[in-house]
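Open the model in your viewer and keep the selection panel at hand.

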Amino acid sequence: SIHHADVLILGGGMVGLSIANQLLQRGITSSITILDKEPALGLHSSGRNSGVLHAGLYYKPGSLKAQVCVEGARRLRSWIEERGLPVNPCGKVIVPPRAELDSQLDVLAKRGRANGAEVEFWDASQLQEMVPEARTASGRALWSPNTAVVKPISVVRRLKQELTDRGVKIQEGQNNFKAIPDKQEITLSDGTSLSFSHLFNCTGLQADRVAMAFGVGSEYTLLPFKGLYWQLTANCPFQPRPNIYPVPDLSVPFLGVHFTP
């Protein structure tokens, strides 16, 4: 048997779910099917990240990343608050671990202000008073009051529920399908076929393999890297209230060791 979806979304993480949500919100289509290879949604990056809603200090002003980060964090936070999902409005302090990185604080402050984020400089005594667990190598730190922390998996689950309530078909455990690109069709492992008018590939770290199954992007390979987390025990004497981040080394694509409450 063949089922048809106007839009087929592969991957039920934050990107796939958000696209489905926007298609509904904007009245574009309600004929949407989402396939995910795992037995539940959010088992990869979307449900396992640190949940920080960044205020937008890092990105070049005017860039798409800067616009998406500032506006997106504001919108996601109000979406979360409207639904009473967990949010910790704890802020973030950025410190230079080495004195020669101090000038980067000015770069971040300038970028942040240009992007519409609120920032303030602290001296060592303010830092000591506000975040006694943190140290600055240069005597200065940068405070971002609007950085918040959320529970990503609660967002994924709530979005899934709302989309399902509005008629989006979500099929989990679909880890083996065959693509028939010239027919705009896929065959699922149980033998049923699904035809589509539009396809979104939102499969995260599998996106290159999925693209290749549809005859696209054979010259690209994803190069993933992952962060490792340690969790502090409840009786640990070290329990900082805000996020503590080092000044980023802008020559590498990740942020270094940081602390998230």
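Start by selecting glutamate 38 and lysine 37. They form a salt bridge, with the closest N and O atoms 3.0 Å apart. The term asks for a side-chain nitrogen of Lys or Arg within 4 Å of a carboxyl oxygen of Asp or Glu. Glutamate 38 is buried at 18% relative accessibility, while lysine 37 is partly exposed at 34%. Buried means under 20% relative accessible area, exposed over 50%, and partly exposed in between (1.4 Å probe, protein chains only).

Before moving on, note the ground rules. This is a predicted model: local features need pLDDT of at least 70, side-chain atom pairs count only at pLDDT 80 or more, and totals for chains, interfaces and linings use all residues. Residues are numbered from 1 along each chain as its sequence is written, and side-chain values use heavy atoms, leaving out hydrogens and water.

Next, select glutamate 162 and arginine 83. Their side chains meet in a salt bridge at 2.6 Å, N to O. Glutamate 162 sits in helix H6 (residues 152–165) and arginine 83 in the loop between helix H3 (64–82) and strand E4 (87–88), so the pair ties together parts that are 79 residues apart in sequence. Helices (H or I, at least four residues) and strands (E, at least two) are DSSP runs, numbered from the N terminus. Glutamate 162 is buried at 15%; arginine 83 is partly exposed at 22%.

Now pick arginine 98 and glutamate 100. Here the salt bridge spans 2.9 Å, N to O. Arginine 98 is partly exposed at 46%, and glutamate 100 is exposed at 57%. How many salt bridges does a search of the whole structure find? The count is 10.

Switch to cartoon view for the sheet. Four strands form an open sheet, ordered E6-E7-E5-E13, with mixed pairing. Two strands pair if DSSP finds at least two bridges between them. Strands E6 (120–123) and E13 (243–246) stand at the edges with a single partner strand each, so one side of each has no neighbour in the sheet.

Zoom in on E6 and E7 (residues 140–144). They pair in the antiparallel sense over four bridges. Select glutamate 120; its bridge partner in E7 is tryptophan 143.

Finish with helix H4 (residues 103–114). H4 lies across E5 (92–95), E6 and E7.

Conventions: Contact = heavy atoms within 4.5 Å. Axes fitted to C-alpha atoms, helices over the stretch in contact; angles between N-to-C directions.
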